[in-house]
Amino acid sequence: MAGTLMLAPSLVSAETITLWTLNFSSQAANDAFQKIADDFAAANPGSKVEIVTRGTDDHKTALRVAAGSDKGPDIYFSWAGLGLGGEYIKAGLSLPLDKYYAEYKWDDELIPAALSFSKIYPGGRQGVPSSFKGEAIYYNKALFAKAGITELPKNYDELVADAEKLKAAGIPAITFGGTVNWHVMRLMDVILESKCGAEKHDALMDMKLDWSTEACAVESFAELDKWSKNYILSPFMGIDNAQSFNLFVAGRAAMVLEGDWLVQQLSEAGNLDDYDIFPFPTGTNRLYGFAEYNYVSTKSKNPDLAAKFLDYFISTPVQQEVLGKFSPTSINKNVVYKDLRPLDQKWVDIFNTYSQVYMNGDQAFPLDVTTEYFRVINEVASGNMAPAEAAKQLQTFIGNRG
C-alpha cells in the first residue's frame, strides 16, 4: 500500500538513488521536493535520494545521452504520452513497472486520468504519475478592463475580437517566449483544436490526416501568423518563457497561455488578486493539458528502492502535505482540498468540469516530427514562411519518415 515507510530488510543498506528532474520555476516546489527526499531518507535508514535538476532542454539532452550509455539515473522525470515520454521508453531507458503496480496497488491510489498514460505503451506499465497539468489563459484584470472587455470570450472568434480590442487600446494581447520552441507551440496547439475540432486535431497529431490538404490545418497556420503579427508582444522570438512571464507580471501584455503551476509563481511575484483564468475557448469541451511522470530507469542498480521512493512520493500523507506546491491538484485521489486560494480553486473547478484532454504537440508527436513541428511553427511566427507552405513542409517530412 502506498505510503509504507519502512523498507524490507533486504533494502536497508547504504544505498543512494539518483533522481533527475526539472528545476521548478517556483522555489517552494524545489524546497518541497527536497523535503520529500530528506524525509524518505530519514524514514528509511541507510538510504539517500540525490536530486539532480536541470532546465527543460538540458534535461532532455541528458536523458538522450543516458539512453545510449551504461550509466544514468535511478529515476527520471519526463512527460507522459507517445511523444516525449515515448522517446525514452522506445530507447530502452524506462523499466516496466507491472510488478510494482501490483505490489503497491497504485491503481487504487491515483486518479484514473493520470494513470491512463502508463498503459499506452507496448511491453508493460511505464512510469508513475507525478502530476496532472492543465493549461489555460491567465489574464490581467486591469488590462482587460482598460480595453473595455467586460465578459470572457465564449469561443475562439470572441477571443480574437478581444485581442483586437486590446490592440486598439495599445495593449499587447498575449506574450510568449520564442527561444524555447514549446512556448509558441502552445498557441498553435490550441488554434488547431479550435479550427479543426477534436476528431480532426487528433487525426492530424496521429499523422492519419494530410496536413497539406486538410483545410483546417492550413487555416490554423494562418491564424498563428495573424496572432504573431498583431497580438503577441514583440519581439517574442528573442526572449524565453521566463522573460515572457516577467513581462506579463510587469503589465506589458494582457494574457499568457500557461499551466496551473503558474499560480504559485504569480503569488511569489505579485498579487494574485490582479489575475484570473479561463480555459482557451476552443468549443470542443476538452482541456489543454498533460501528465508528468517519474520513470524508473533501466540503468538503476536498485529498482526496488526506486519504486519504494515513488510509492512514498505519491502516498496520501505526502501528497496532502505538498498540495499547492507543485500544482493545485494532486494525482492522489484521496487528497482533501481545503483553504484553497481563489485561483487554485478555479483550477480544481476546471479539472472537475473537463473529462477529456488534448495534449501538447510535443507530447503527441514522435520526437523527430516534434522537431519539424517546432521548425515550421517558428518560421510562420517569424514571418518567414507562408501558412500553406508550413503545412506542406510538415506533411512532406511526415511522408518521408517511411
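# Loops, helix packing and a buried strand residue

Asp339 is placed in the loop between α13 (316–321) and α14 (342–353), where helices (H or I, at least four residues) and strands (E, at least two) are DSSP runs numbered from the N terminus. This is a predicted model, in which local features need pLDDT of at least 70 and side-chain atom pairs count only at pLDDT 80 or more, whereas totals for chains, interfaces and linings use all residues. Residues are numbered from 1 along each chain as its sequence is written, and side-chain values use heavy atoms, with hydrogens and water left out.

## Confidence

The mean pLDDT (the predictor's confidence in each residue, from 0 to 100) of the protein chain is 92, and 96% of the chain's residues reach 70 or more. Residues 3–13 form a stretch where pLDDT stays under 50, and for this stretch the model has 21 contacts (heavy atoms within 4.5 Å) beyond four places in sequence.

## Backbone features in loops

Most residues other than glycine have a negative phi, and most peptide bonds are trans. Asp339 has a positive phi of about 55° although it is not a glycine. Lys105, in the loop between α4 (98–104) and α5 (112–115), also carries a positive phi, near 55°. The peptide bond that joins Ser234 and Pro235 is cis, with omega about 0°, and Pro235 belongs to the loop between α9 (215–230) and α10 (241–249).

| Residue | Relative accessibility | Class |
|---|---|---|
| Asp339 | 79% | Asp339: exposed |
| Lys105 | 47% | Lys105: partly exposed |
| Glu223 | 11% | Glu223: buried |
| Val256 | 5% | Val256: buried |

Two packed helices are described by the angle between their axes and the distance between the axes. Here the axes are lines fitted to C-alpha atoms, for helices over the stretch in contact, and the angles run from 0 to 180 degrees between N-to-C directions; angles under 35 degrees count as roughly parallel, over 145 as roughly antiparallel, 65 to 115 as roughly perpendicular and the rest as oblique.

Helix α8 (residues 181–205) and α9 have axes that come within 9 Å and cross at roughly 160°, and they are therefore roughly antiparallel to each other. On the α8 side, the residues that make the contact are Val184, Leu187, Met188, Ile191, Leu192, Lys195, Cys196, Lys200 and Leu204, and on the α9 side they are Cys216, Ala217, Glu219, Ser220, Phe221, Glu223, Leu224 and Trp227. These residues divide into 12 nonpolar, 1 polar and 4 charged, where Ala, Val, Leu, Ile, Met, Phe, Trp, Tyr, Cys and Pro count as nonpolar, Asp, Glu, Lys and Arg as charged, and the others, Gly among them, as polar. Leaving aside neighbours within four places in sequence, Glu223 is in contact with Tyr156, Val160, Ile191 and Lys195.

Helix α17 (residues 387–399) also packs on α9, at an angle of about 130° and with the axes 8 Å apart. That makes α9 oblique to α17. Val218, Phe221, Ala222 and Asp225 of α9 meet Pro387, Ala388, Ala390 and Ala391 of α17, a set of 7 nonpolar residues, no polar and 1 charged.

Within α11, Leu262, Val263, Gln264, Gln265 and Leu266 are buried. The buried residues of α11 pack against α1 (27–43), β4 (128–140), α10, β5 (255–259), β6 (275–278) and α14.

Val256 touches Phe248 and Leu262 as well as Ala136, Ile137, Tyr138, Ile174 and Thr175, not counting residues up to four places away in sequence. The C-alpha atoms of Val256 and Ile232 are separated by 9.8 Å, the two residues being 24 apart along the chain.

Conventions. Buried < 20%, exposed > 50% of the residue type's maximum accessible area, 1.4 Å probe, protein only.
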